[in-house]
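Hi everyone, thanks for having me. Let's take a few minutes to look at one structure together, starting with a pair of helices and then moving on to a sheet.

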Amino acid sequence: PRMGMADPEAMAAGIAAVAGLDCPTVATVTIDSYTRVGDHAAAAAALRSGAPLNGFPIVAHGPQQTALVAAAAGPDVPVQVRHGSADPGAILAAAAEAGLSASEGGPVSYCLPYGRTPLVEAVSRWADATALFGERVAERGGRAHLETFGGCLLGQLCPPSLLIATSVLEAMFFAQHGLRSVSLSYAQQTHPVQDIEALVALDRLATELLPDVVDRHIVLYTYMGVFPRSVEGARSL
């Protein structure tokens, strides 16, 4: 589940609630819009004044506070940072300094939907940030993991082939810049048979095109194209 709260106690409580579920899960920290576009001064000012933020300002809070928040997950539940930034260097550096090793996005999928950064700049900044993230996490004895957001990209009404291609290319980009652990995403659309075919294609292309040294798995964003109205419907989907 995606969630992000500016207040550290609320964020920690959310992480603890996810970690306490009776199923395998991953806790998430979603970043606020100021931090997403690199306006860390505005995020810090909002914290000081008590103004509401629509996520967790990881840079303004700093690594020590972030580490305390993430610790609410306990030792066995991963915590992933989801941020939506076309220039993620400061965010990924803050995450690594806090002891976190998992994040999400990509040079295309976190550029086109979320801001006005030119694509050529986003690719260059993501190249630097990916390499830096891998190095910083490794220095702390961990292995950095990035999940492509290419499987969602611009939301609905995207051809599955476009989502698959973007997800595979972003995973290859991560591998090119030093990462050895990735996941490839695909967003559920409105046709279940087409979705199954898309997942098979995504898995097949990832096996074919990613280096053998790269550990990878598939992520499906559920309830994107069709949202269930009942428990039975949710289980069916």
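This is a predicted model: local features need pLDDT of at least 70, side-chain atom pairs count only at pLDDT 80 or more; totals for chains, interfaces and linings use all residues.

Helix α5, residues 89-97, and helix α6, residues 119-139, have axes that come within 9 Å and cross at roughly 10°. Angles under 35 degrees count as roughly parallel, and α5 and α6 are therefore roughly parallel to each other.

Which residues in α5 and α6 meet? On the α5 side we have G89, L92, A93, A95, A96 and E97, and their counterparts in α6 are A129, L132, F133, R136 and V137. If you sort the residues of this contact by type, you get eight nonpolar, one polar and two charged.

Now for the sheet. As a reminder, strands of a sheet pair through backbone hydrogen bonds, either parallel or antiparallel. Here we have an open sheet of six strands, with parallel pairing, in the order β1-β2-β3-β4-β5-β6. Which strands stand at the edges? They are β1 (27-30) and β6 (215-221); each has a single partner strand, so one side of each is left without a neighbour in the sheet. On average, neighbouring strands are turned by 25° against each other, ignoring direction.

Let's zoom in on one pair. Strand β4, residues 145-148, pairs with strand β5, residues 181-187, in the parallel sense over two bridges. You can find L146 and look for its bridge partner in β5, which is V182.

Last stop: helix α7, residues 160-176, packs on this sheet and touches β3 (102-105), β4 and β5. The direction of α7 makes about 170° with that of β5.

Technical notes. Residues are numbered from 1 along each chain as its sequence is written. Side-chain values use heavy atoms; hydrogens and water are left out. Axes are lines fitted to C-alpha atoms, for helices over the stretch in contact, and angles run from 0 to 180 degrees between N-to-C directions. Helices (H or I, at least four residues) and strands (E, at least two) are DSSP runs, numbered from the N terminus. Angles under 35 degrees count as roughly parallel, over 145 as roughly antiparallel, 65 to 115 as roughly perpendicular and the rest as oblique. Contact means heavy atoms within 4.5 Å. Ala, Val, Leu, Ile, Met, Phe, Trp, Tyr, Cys and Pro count as nonpolar, Asp, Glu, Lys and Arg as charged, and the others, Gly among them, as polar. Two strands pair if DSSP finds at least two bridges between them.
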